[in-house]
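This note comments on a single-chain model, as requested. Please read the numbered points alongside the sequence and the coordinates.

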Amino acid sequence: AICLCMILFNLSYTTILRRSDKRLKKSGEKLMEEIRRQLVRLAHGEPVQTGHKEKMRRVLGRVKNLLALNQVLEQTDRKILAAYLQEMQDVLQQLAEVYLRRNNLQAAFFSWFFARYAIWEYGHGDKMENCIIGYVRKDDFYCKVNGMRALCSFAAPAAVERALELQDRSG
């Protein structure tokens, strides 16, 4: 009886996982198409739609959607990529604050993503600098490393120095 229950449980669990994988793939493809539409708008000199920013605030709070965004951005022309990220600065700022409160794995992924696509102009992001220093304060090694990478790419030297001092104190 116990063996039969275990077999039934495993079969139902496998079925559920397959369905969720299909849903994840489908929603990832929809997200990628939405982002591509906005990239085409930028390529034609049009701004990103305001509804797109609101949608990205909601959906990029999930790591799988951040992965989908990364896939699209990897295939994007650098000039269009820079324009898109510039348009999305306020969204990325909010996401940085959201992921900072998440578990270390999710926070580490976002800090990697941010370090890879950091687009703030040098010295023009005090609020963002403080948020990224929060990643450097986390216990996770990858959060610290990627937080430092992000700071070095856009922050004022004083913010990098402050982060290094925090590192020295925490060991």
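Predicted model: local features only at pLDDT ≥ 70, side-chain atom pairs only at ≥ 80, totals over all residues.

The points below go from the overall fold to individual residues.

1. Basis of the note. Residues are numbered from 1 along each chain as its sequence is written, and side-chain values use heavy atoms, with hydrogens and water left out.

2. Overall architecture. The chain has 9 helices and 0 strands; these elements are DSSP runs numbered from the N terminus (helices: H or I, at least four residues; strands: E, at least two). Read from the N terminus, the order is α-α-α-α-α-α-α-α-α. Along the principal axes, the C-alpha atoms fill a box of roughly 65 × 50 × 25 Å. Of contacts between residues at least 6 apart in sequence, 72% join residues at least 24 apart, a contact being heavy atoms within 4.5 Å.

3. Surface and burial. Buried residues account for 41% of the 171 residues. The classes are set by relative accessible area: buried is under 20%, exposed is over 50%, and partly exposed lies in between (1.4 Å probe, protein chains only).

4. In soluble globular proteins, nonpolar side chains tend to be buried together. Here the largest nonpolar core has 47 residues, and Met56, Tyr84, Phe110 and Leu151 have the most contacts inside it. Its largest share, 8 residues, comes from H6. A core is defined as a set of buried Ala, Val, Leu, Ile, Met, Phe, Trp, Tyr and Cys residues joined through side-chain atoms within 4.5 Å. Leaving aside neighbours within four places in sequence, Met56 is in contact with Leu31, Glu34, Ile35, Tyr84, Met88 and Val91.

5. Helix H5. This helix spans residues 89–100, and its 12 residues reach 16 Å from first to last C-alpha, close to the 16 Å expected at 1.5 Å a residue; the expected span is 1.5 Å times one less than the number of residues. Gln89, Val91, Leu92, Gln93, Leu95, Ala96 and Tyr99 of H5 are buried. Their cover includes helices H2 (50–59), H3 (63–74), H4 (78–87), H6 (104–117) and H7 (126–137).

6. Gln38 is placed in helix H1. Gln38 counts as buried because its relative accessibility is 1%. Residues up to four places away in sequence not being counted, Gln38 touches Val48, Gln49, His52 and Tyr84.

7. Which residues does the salt-bridge network around Arg57 join? Arg57 pairs with Asp90 at 2.7 Å between the closest N and O atoms. This pair links distant parts of the chain, with Arg57 in helix H2 and Asp90 in helix H5, 33 residues apart. Through shared partners, salt bridges join Glu54, Arg57 and Asp90 into one network. The Arg57 and Glu54 side chains meet at 2.8 Å, N to O; both residues lie in helix H2, 3 residues apart, about one turn of the helix. Arg57 is partly exposed at 22%, as are Glu54 at 43% and Asp90 at 37%.

8. Glu87 forms a salt bridge with Lys53, the closest N and O atoms being 3.9 Å apart. Glu87 lies in helix H4 and Lys53 in helix H2, 34 residues apart. Glu87 is partly exposed, with 25% relative accessibility.

9. Leu4, Ile7, Leu8 and Leu11 make a nonpolar surface patch of about 420 Å². Patch members have over 30% relative accessible area and no salt bridge; like charges are joined within 9 Å and nonpolar side chains (Val, Leu, Ile, Met, Phe, Trp, Tyr) within 5 Å. Leu4 belongs to helix H1 (residues 2–43) and is exposed at 54%. His44, in the loop between H1 and H2, is likewise exposed, at 61%. The C-alpha atoms of His44 and Ile80 are 9.8 Å apart, although 36 residues separate the two along the chain.

Note on methods: Areas by Shrake-Rupley, 256 points an atom, 1.4 Å probe, with all protein chains shown as cover. Salt bridge = Lys/Arg side-chain N within 4 Å of Asp/Glu carboxyl O.
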